[in-house]
Amino acid sequence: MLAPITFWKRLCALHDAVAAGDECWNHVDSIAVPVDPSDELTFTKSSALFIHLFGAELHGSMMMLCKGTLHVLATEENCKLLEPLDTKPSTGPRLVLHRICNDNDTVTHDIVAGLLKDHGGRRVGRLERMHFHGMLAASLDKAIRSAGVESVDITSVLGLSMSVKDDHALTGFRRAAIITHKVLKHGFVRLVEDVFDQARSIPHEKLATHVDECCEDPSKVNIKLPQGHYESCYFPIVQSGGDYDIRPSASTNDAMLSDDVIIVSLGVRYNFHCATMARTFFVDPVPKIENTYAILMELQRSCLAVMLAGRRVGSIAEHGNAFIRQKYPHLLKFLPKSFGFGLGLDFRESSMILNSKNQRLFAPNMVFNLAIGFHDLELADEHKQNAQGSIRKLSKYSMLVADTVVIRSPEEPPEVITKHSMEWKDVSYFINEKGDHANFTPQGAVEGKSALVNSRLRERANVGNAERTNSARNEKQAELMRQKIAVRRNECRSSGSQQGLSSSHKNVAEVNAYHSAKEYPGDVPPSEIFVDMQGQTFFAPINGAQVPFHISMVKNVVQPDPDRTATYLRLNFFTPGQTLSKDAAPATTKLIEEHGQSSMFIKEMLYRSRESQRLTAAYRMIQELRKRFRQHAAKAAEEADLIPQEKLVKMRDQRIPRMADLTMRPFISGKKTMGTLEAHTNGLRFTSKKHEIVDVMFANIKHSLFQPCENEVMVLVHFNLRNPLLIGKKKTHDVQFFTEVVDASVALDGARRSMYDPDELDEEQRERQLRKKLNEMFKEFCKKLERIAKIHHFHLEFDIPYRDLGFHGVPNREMVLIQPTVRCLVNLTETPFLIVQLDDVEHVHFERCTFRSKNFDVVIIFKNLELAPLSINAVPMNELDAIQEWLTDCSLTYTVRFPDARLLH
């Protein structure tokens with residue numbers, strides 16, 4: 001039952017609308033609605049009205065709303081349910097309960113006739129389009145005929161009055177949408193993946209039955225709710241194999257599931273509130289289908305943008321038809337007439353159909369099912385030339401995408417509450433490679449597109465062809481090498497026979513402490529060494545005149561041991577003809593290079609003074625100035641390529657994706673930095689527990705990587721940046737957020753434990769469950785980031801390392817697992833991180849490759865030859881063939897050096 005406050009709020013709104021006597025209500029004086037004594041799952045206006053007011057259908061009851069009073073005729077059992085609602089507020093109609101007995105028709109008829117005569121008025125509103133069979137309905141018909149009052153149909157206006165939902169109803173719709181999404185994701189998609197992965201057959205009806213059972217018992221998909229609060233809106237609709245019907249009245253047939261185009265529609269009813277959705281999945285699709293689906297997504301986004309409060313309901317269908325007619329006229333004939341319908345307690349609101357004839361207006365908090373699709377599209381033979389699998393048998397196909405949406409303000413597009421992804425990479429699968437009809441692999445692994453793994457199937461991907469021979473690989477390498485040499489020759493000819501490299505000198509500002517002698521400090525003593533900290537210079541007396549020297553020209557300052565009569569101070573300067581140390585500033589190096597042959601340089605000066613305090617003080621101040629200058633120069637060099645970031649725009653109009661208790665690397669301060677990572681409109685914000693903030697903009701992300709915890713101690717997301725960030729006091733091109741599954745170091749208690757120890761088994765089981773849970777959490781977070789970035793016109797796709805192609809090596813100081821991705825070669829678990837972009841690699845060379853050696857070295861040469869080659873040492877010899885195979889698949893050339901100095905490629 002509803003809470004009393006909700007009941008009286010809804011009753012007062014309905015009473016005021018009827019009492020106003022508007023034309024839309026056909027000027028009725030009262031309304032009378034019975035409910036048949038049936039327990040079947042039916043969506044009727046009478047059931048919807050009772051659920052709307054009371055929160056229960058109250059079978060075998062009747063309500064009569066008159067001016068100032070609501071009369072309810074119900075059995076003793078139902079009246080007891082309604083008694084808690086009989087707490088009339090200060091204003092509004094009264095609630096009067098009339099107890100009836102189903103065995104006494106005469107008494108019931110007398111009660112109905114009396115109410116109609118005393119309170120019914122001259123015009124009584126009824127649901128005349130419905131056929132009632134109960135005793136109360138018969139008594140009402142008889143009483144109306146006897147009293148001679150006029151019966152008026154209010155079916156449409158009654159549904160319209162309940163179309164605007166309050167907060168209590170919207171909560172029910174949103175929970176129904178969540179369950180619908182969970183059932184589709186974990187009930188339907190997972191079973192279909194298993195069926196194709198195991199090469200099994202399953203009928204549509206059996207698959208739909210499994211989905212229906214998940215709707216009736218959400219515990220199968222890990223949703224914990226009380227029993228009896230949810231049920232299936234309709235039997236799920238599963239279609240494939242070329243026989244499609246995208247109308248809401250479609251049904252599931254008993255044909256076998258086909259691996260081509262699969263359409264599924266399902267809906268869940270939670271606390272009498274319905275949510276429905278439909279998705280189309282593609283197996284081995286051809287480019288024609290992919291392009292058509294992209295048009296469908298464009299049409300769906302366009303229709304969502306015009307579903308605004310105050311606009312006509314029929315304008316959605318008109319806009320969709322105009323959109324297709326203008327941009328893709330060849331698809332106009334495949335559009336359905338209706339683009340969806342209003343959702344209510346009776347599931348499909350007949351007065352709120354999204355077709356061009358509907359003149360009603362959208363209002364805030366209305367709920368609709370927006371269904372966009374194409375029916376019976378033609379697939380010609382020329383579009384299936386390179387097709388694989390069952391898609392070759394299709395001559396016609398359809399596609400459908402439907403979501404439950406909530407209308408918001410006139411300036412704000414509707415809220416989509418069924419959240420299942422519609423991205424192409426999440427609904428397309430490739431299970432049949434050319435010449436191989438047994439491997440089930442998602443698109444990201446076959447096509448080479450970077451994509452977050454959209455299912456458990458990425459782990460089953462068969463990367464590489466084990467049957468390729470060494471001779472075929474060598475032939476392809478020879479062809480790649482010839483192409484690369486030809487490209488290099490053309491580049492040399494086009495540049496006028498000059499080498500492709502040109503040394504670029506950085507613009508270095510010349511040292512200019514003072515523009516003239518007028519800018520000298522006014523308190524310079526005439527015969528002492530004076531240090532100007534602000535001007536970064538010191539004045540040294542030479543022949544009675546103070547001569548300024550910039551601190552960058554000082555090589556070192558030495559104070560020899562004093563003798564009995566005096567103290568000494570030696571100043572050594574940078575001069576031509578000597579090797580400049582790393583402490584030399586760039587401006588100093590440039591000055592010596594430009595003027596070293598034409599100017600005189602002072603190499604050394606020695607000062608002697610009988611007062612030791614003055615020279616000692618000068619020595620300390622010069623040393624302090626040198627220290628400050630070096631620190632300033634190091635900081636300037638550190639921040640030289642830092643680019644100011646745009647300001648983070650916080651997300652305020654929807655729920656913020658957030659992950660808590662993450663560890664960030666590099667650390668901001670201390671030994672560990674933990675905090676919360678949030679996604680906003682144009683980037684990410686990490687807030688540590690010490691309230692330190694690091695912002696990472698979407699536009700600054702070059703590579704985004706997600707590495708699940710498989711035989712590792714952590715699950716992580718990693719961002720490789722285009723421009724470095726200053727974190728703490730150091731700049732970095734990489735930012736990583738991770739959670740440890742188990743501690744990297746475990747203290748052993750010394751006691752030997754059996755492999756059959758129950759505690760040991762339970763601990764391993766908990767660890768496996770934790771790994772799976774964390775992988776799912778990070779995976780969902782990555783999908784949300786991709787979705788937010790796309791909505792705000794940023795490109796963000798997460799790539800996952802191919803663990804099967806990984807190999808061990810030493811890129812820095814310790815042995816690590818190096819794994820390739822679609823675009824990079826990475827090691828993300830150990831610091832310093834290793835990320836090599838494959839597009840930047842010119843050539844790969846293998847060193848120390850002998851049959852006697854256990855290890856060999858990999859040298860990566862970059863296209864920018866100014867960068868030093870990267871060496872990965874101590875790679876196990878048994879990984880050589882796999883690495884060469886992977887390089888060949890990536891169209892990268894390699895050479896092998898043997899001890900006798902022979903090069904093979």
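Trainee: Is Arg99 buried, partly exposed or exposed, and what is its relative accessible area?

Mentor: Buried means under 20% relative accessible area, exposed means over 50%, and partly exposed lies in between, with a 1.4 Å probe and protein chains only. Arg99, with a relative accessible area of 38%, is partly exposed. Please note that this is a predicted model, in which local features need pLDDT of at least 70 and side-chain atom pairs count only at pLDDT 80 or more, while totals for chains, interfaces and linings use all residues. Residues are numbered from 1 along each chain as its sequence is written, and side-chain values use heavy atoms, with hydrogens and water left out.

Trainee: How many residues does the protein have, and what percentage of them is buried?

Mentor: The protein has 905 residues, and 48% of them are buried. As for secondary structure, helices (H or I, at least four residues) and strands (E, at least two) are DSSP runs numbered from the N terminus. The protein has 17 helices and 40 strands.

Trainee: How should I read the packing of helix α1 against α2, and at what angle do their axes cross?

Mentor: Two packed helices are described by the angle between their axes and the distance between the axes. Axes are lines fitted to C-alpha atoms, for helices over the stretch in contact, and angles run from 0 to 180 degrees between N-to-C directions. The axes of α1 (residues 4–19) and α2 cross at roughly 125° and come within 7 Å. Angles under 35 degrees count as roughly parallel, over 145 as roughly antiparallel, 65 to 115 as roughly perpendicular and the rest as oblique. The helices α1 and α2 are therefore oblique to each other.

Trainee: Which residues make this contact between α1 and α2?

Mentor: Contact means heavy atoms within 4.5 Å. From α1 come Phe7, Arg10, Leu11 and Leu14, and from α2 come Leu49, Ile51, His52, Leu53 and Phe54.

Trainee: How many aromatic pairs does the structure hold, and how are Phe7 and Phe54 arranged?

Mentor: Rings of Phe, Tyr and Trp (its six-membered ring) pair if their centres lie within 6.5 Å; planes under 30 degrees apart count as stacked, over 60 as edge-to-face and the rest as tilted. A search of the whole structure gives 24 aromatic pairs. The pair of Phe7 and Phe54 is stacked, at 5.6 Å centre to centre with 25° between the planes. Phe7 in helix α1 and Phe54 in helix α2 are 47 residues apart, and both are buried. One aromatic cluster is formed by Phe7, Trp8, Phe50 and Phe54.

Trainee: Why is the pair of Phe686 and Phe737 classed as tilted?

Mentor: The ring centres of Phe686 and Phe737 lie 5.3 Å apart and the planes are at 35°, so the pair is tilted. Phe686 belongs to strand β26 and Phe737 to strand β30 (residues 730–740), 51 residues apart. Phe686 is buried at a relative accessible area of 1%, and Phe737 is buried at 1%.

Trainee: How many salt bridges are there, and which parts does the pair of Lys45 and Glu349 tie together?

Mentor: A salt bridge is a side-chain nitrogen of Lys or Arg within 4 Å of a carboxyl oxygen of Asp or Glu. The structure holds 33 of them. In one, the side chains of Lys45 and Glu349 meet at 3.1 Å, N to O. Lys45 lies in helix α2 (residues 45–54) and Glu349 in strand β12 (residues 347–353), so the pair ties together parts 304 residues apart in sequence. Both Lys45 and Glu349 are buried.

Trainee: Where does Arg99 find its partner Glu76?

Mentor: Arg99 and Glu76 form a salt bridge at 2.9 Å, N to O. Arg99 lies in strand β4 (residues 94–99) and Glu76 in helix α3 (residues 76–82), so the pair ties together parts 23 residues apart in sequence. Glu76 is partly exposed, with a relative accessible area of 38%.
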